[in-house]
Amino acid sequence: MLHFNVKKVFALLSIILVLGIGSNAADLTKDPGYLSGEKLYKANCTTCHALDKKVLGPALKGITARRKEAWIIKWVKDNAALRATNDPEAIAIFNEYKGIPMTAFGNLTDADIKNIVVYIENAPIVAPKPVAADVETDIPPNSPSMWIFVLLGIFIFALLNLSISIENKVSKLLGKEIINWNKVNALMFPIMLVAGSYYVYAQFAKYSSYTYFAVGSGSAHGKVLDEMFFVTLAITGFVFILCQVLAFVFPYLYRHRGEGTKAFYYPDNNQIEFWWTIIPSIVLVSLLVYGLKTWNGITMQEKPKGAYEIEVFARQFDWTVRYPGPDGLLGKHDYHKIGGTNFVGMDYNDVNSHDDILNVGELHLVVDQPVVMNLRAQDVIHSAFIPNLRVQMNAVPGIPTSQIFTPTVTTKEMRKRLLAEHPTDSFYANWDYMLLCNKICGAQHYMMKMVVVIETKADYNIWLKSLKSPYETANAPVVVPPDTTTVNKTATN
Amino acid sequence: MSNVASENMHHDDHVHHKQSFISKYVFSMDHKMISKQFLVTGLIMGLIGMTMSVLFRLQLAWPEKSFPIFDTLFGKWSTDGHISPDFYMALVTMHGTIMVFFVLTAGLSGTFSNLLIPYQIGCRDMASPFLNMLSYWFFFLSSCILMSSLFVQTGPASGGWTVYPPLSALPKAMPGSGAGMTLWLVAMIFFIGSSLLAGINYVVTILNMRTHGLTMTRLPLTIWAFFFTAVLGILSFPVLLSGSLLLVFDRSFGTSFYLSEIFIDGQALANAGGSPILWQHLFWFLGHPEVYIIILPALGITSEVVATNSRKPIFGYKAMIGSIMGIAGLSFFVWGHHMFVTGMNPLAGSLFMFITFLVAIPSAVKTFNYLATMWRGNIKFTPAMLFGIGLVSLFVTGGLTGIFLGNAALDIPLHDSYFVVAHFHIVMGSSAIFGLLCGIYHWFPRMYGRMMNPQLGYLHFWMSLIGVYMVFFPMHFMGLGGVPRRYYAFTAWDQFAIWNDMNIFITYGAIIGASAQLIFLYNFIYSIFWGTKSVQNPWQSNTLEWTAPQEQIHGNWPGEVPQVYRWPYDYSRPDAEADFVPQNVPDDVVPVGWVHAPKGKKDDKI
């Protein structure tokens, strides 16, 4: 702790000295440790923690007052191991949180964790954004006004009920209905049809541009899917309108109009039935053939030429991507080997894994180059869903799955398209493709996401070079010329 | 296969038994009482399930706002008026389980199969009244066990109503996968027991105990629907039973049916060779027929109600039976369409997609037949009829989105999004609820001898219809915006911020819909005790239940059971004076058969 404060003070002093300007606490935000801590905190911790309140795990502000730094480091890296040493603090917190373990962050170094702690203790607490403040008054947020709302409802209902019973009594006295309810209900149908049509139209008008179709798909197969979606929408839309109009117009047209009227006795007509069985069948079969062709095109393909493989690894509650490294080959894996910096369980007996690179929370893809996305999960079923790429595949423990697709629109290009669609919304200037977990995987399922960056080959290579493989980092002193191993491997494989 | 035996057996039996309170109201073996027991239990469960949905809708609409009511209701599961994420998942899971199994399977099928099978086929009671009683009490026990899981320390099951392992198998993966999950499985095992006992009873009764003259092709469509529902249940529930037992083994005895290569809490588990996907196959092998177990009785009830209140024969009676058979048969081979993105062999995906599309054909035929039944009718808008028409509208809306989701390729971007939520809530959730309500309004006079207040019924219907479309229609757009289901909040997702006001709108819809159901509950309870007394056949219907005396007696009919001469849809026959001809009206009063079937099929006997 002392070391820690000295470091902070030193950082501050150096800023003051070097820049020769007055300083306050905010300047800490320029400290590289703080900045790196912020980035790491946001990438790794916010799924389950907040600074000032309990989420799945405890609030983190003031953590240095509660725990020793060495303990924090041990806990973050592998809390199960810490608990195995019968550490009373560790066991107490494990039990307090209903025996749900914290994820082990073997990917974080001691320095990383120290930086995160710097960030936690110095970060400003941001007040939650007021979401939809304009409707604040509509539903009362606190109990008393909620009860007023409920009482009002009961009161209105009581009035209604009273008027209904008066109406019934008067009708009884007069010997006939004073309100022709059959007619009222019959009239309600066309009214609802008109209101409903407007409602459907308004929804389309307001929200169509926010569906993922508005800017098109970011992948090659997505374009085909979108086309098929619109064909299906046109056909079902026609049937929808036809059936709803009939279902709401017939009741009005053929309402009971008083005693003595009789319905048209019409129990059957084989010809009509033949046609309305055959026509839907033909339409459905055409859609089916169209769908099957598309489905086979997407799923039944061999690894395309020029494709590269990556592995997306899921655990509660983050995503990690494994890149094959210079050799272009992903090494074998074995879940028994999970631990420490090798938290995806690479099997180092397979030399192909030695140059494999891991990256948590960010997936980079090359535009216009097919990619084979292999999926693995450590604990429960997760699902990798990238809506704007029309990509979805489950990650199942014990069963490797994969999906092949070709991104065609870079992140930058997609931002441009989105801004063109929504010029007033500045959010789209920083928009990103997102990979989200779409199979319920635990309490923090709703926070499990990963940014997807689609970029040119050149950008991708620069980015990939900035990362180091965990094996090589761990075995840094043993310098093996990378070129010779690569050649051997590719030759033998 | 008529039922001379049952008639003789029951002839002078049972009618004058003096019954104690316990044997009359609690451990009753009378189908009418058991049906009321199912209905009341189902409605209580429905109320709980609906309340849960409103509460989690509040969370979804205003994730940042504090609702002290959560603290009051949920105690330690809520802090400062915010539900915890794991309890949100628990609410969603319990809502799904309660609605699918306890309300729409037991509540719907249990109530109306019990009430209508003996009445409409003209027999004194179920084939085995004892099994029938047992079926209810298994269901009751199951409900109690499920509800008790709300009070265990780690909370109720919270892995979604489909409880996919390994999440549901590993107590360390989620608090709700602890004791709550065990209780869920035990509750399901009793529930399945209940469902099987009931189903066997329904099938045996329908096949063996029909009255004189009631051939299979003279059965009301309700009975056809109940028959196939029961068959589906008998064939598919055992699969879930075995699946559940295997999950119990995995959870408690260290087997590896569903578990393989799992690393959790710093440990590599020894389980090897299992497959989480196996559970999905077993679950959906029940799960898909299950949605037809839910919707078929609702469609059966609607057929009856729409025909009666349109004062017209149901259009295409034989096509309707054929459609029910088609749907029931195909429903066994489509379960894989829930699993297109699990990494299942794409060829299997193609086959499931093919059969899924076939189901759309009988469904379309049914819809057109309902519309044709209303065409040139003489429609009387009883509350039941309104709900029947509402069901048709919902069935169309929800059914059509099935064509998107049944397409394996389109399912890739739509799977597990709000589009799916919209689809199934409309097509098998709301429309089956509409079927249930339709049935309650229609047969309330038969059950309780009184009428429900019709004006409150109209209000209930229009509010429900508005509520349902307010809640579920916008969800299609959310799904097409890539919004995933089962998310506790979207506060961390800037790209979904645009849907915030839609979430608020939906919650208002949910409140409107739920208030409507409270009006219904008031009407229901009030009418049981103080409703106006009904006449014997208030809707001027043709089926046999309305020939039984107002006062409910054990054995249903004093003296002989009525004999049947005709099909149940002789409404507005040109050659009859009244606009309805009950099934027990003999041939010489009004001739049997269609009067003007097209193309010279005049003498087609029904």
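In chain B, 79% of the contacts with a separation of 6 or more are between residues 24 or more positions apart; two residues are in contact if their C-beta atoms, placed from the backbone, lie within 7 Å. The model is predicted: local features need pLDDT of at least 70 and side-chain atom pairs pLDDT 80 or more, whereas totals for chains, interfaces and linings use all residues. Residues are numbered from 1 along each chain as its sequence is written, and chains are lettered from A in the order in which they are written.

Of the 606 residues of chain B, 65% are buried (20 or more other C-beta atoms within 10 Å of the residue's own, all placed from the backbone). The C-alpha atoms of chain B fill a box of roughly 80 × 50 × 50 Å along the principal axes.

Chain B contains 16 helices and 4 strands (DSSP runs, H or I of at least four residues and E of at least two, numbered from the N terminus). Helix α9 (residues 276–310) of chain B packs against helix α14 (residues 418–448) of chain B at about 40 degrees, with the axes 8 Å apart; axes are lines fitted to C-alpha atoms over the stretch in contact, and angles run from 0 to 180 degrees between N-to-C directions. The contact of α9(B) with α14(B) comprises 12 nonpolar, 5 polar and no charged residues (nonpolar: Ala, Val, Leu, Ile, Met, Phe, Trp, Tyr, Cys and Pro; charged: Asp, Glu, Lys and Arg; polar: the others, Gly among them).

Between the chains, the contact takes 119 residues from chain B and 111 residues from chain A. Helix α11 (residues 346–374) of chain B supplies the largest share of the chain B side, 14 residues.

Definitions and conventions: Buried ≥ 20, exposed ≤ 12 C-beta atoms within 10 Å, placed from the backbone.
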